[in-house]
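Here is a short report on one structure. It covers a residue's surroundings, the sheet and the salt bridges.

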Amino acid sequence: MSKAVAIQTEYIPLGQFLKLAGVIDTGGMAKAFLADVEIKVNGELENRRGRKLYPDDTVFIDGFGDFHVTRR
């Protein structure tokens with residue numbers, strides 16, 4: 001089962017999403033985290049911290065599980 005992460009805006013960059021989801025503590029950690037951990041957005045490997053995530057996107061983070069982007 002995936003964890004829902006609600007956003008208030010039209011989209012959220014992947015780096016900010018990682019912080020909002022509680023996966024990293026600060027936005028500055030995003031670049032190193034993306035280099036070390038496999039992340040898939042809608043089933044495709046992703047390593048760009050600026051990747052825009054929209055409601056209904058699914059994010060898999062190795063070691064943390066599945067997340068579903070929702071609108072608040």
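## Surroundings of valine 69

Valine 69 touches Val5, Ile7, Phe17, Leu53, Tyr54, Pro55, Asp56 and Asp57, leaving aside residues up to four places away in sequence. Contact means heavy atoms within 4.5 Å. Valine 69 is buried, at 0% relative accessible area. Buried means under 20% relative accessible area, exposed over 50%, and partly exposed in between (1.4 Å probe, protein chains only).

Valine 69 sits in strand E7, residues 65-71. Strands (E, at least two residues) are DSSP runs, numbered from the N terminus.

## Basis of the model

The model is predicted: local features need pLDDT of at least 70, side-chain atom pairs count only at pLDDT 80 or more, and totals for chains, interfaces and linings use all residues. Residues are numbered from 1 along each chain as its sequence is written, and side-chain values use heavy atoms, with hydrogens and water left out.

## The sheet

Five strands make an open, mixed sheet, ordered E1-E7-E6-E3-E4. E1 (3-7) and E4 (44-45) are the edge strands, each with a single partner, so one side of each lacks a neighbour in the sheet. Two strands pair if DSSP finds at least two bridges between them.

E3 (residues 39-41) and E6 (residues 58-61) run antiparallel, joined by three bridges. Valine 41 stands opposite valine 59 in E6.

## Salt bridges

The whole structure holds two salt bridges (a side-chain nitrogen of Lys or Arg within 4 Å of a carboxyl oxygen of Asp or Glu). Glutamate 46 pairs with arginine 48 at 2.7 Å between the closest N and O atoms. Glutamate 46 also pairs with arginine 51, at 2.9 Å. Shared partners join Glu46, Arg48 and Arg51 into one network.

Glutamate 46 is buried at 7% relative accessibility. Arginine 48 is partly exposed, at 48%.

Definitions and conventions:
Helices (H or I, at least four residues) and strands (E, at least two) are DSSP runs, numbered from the N terminus.
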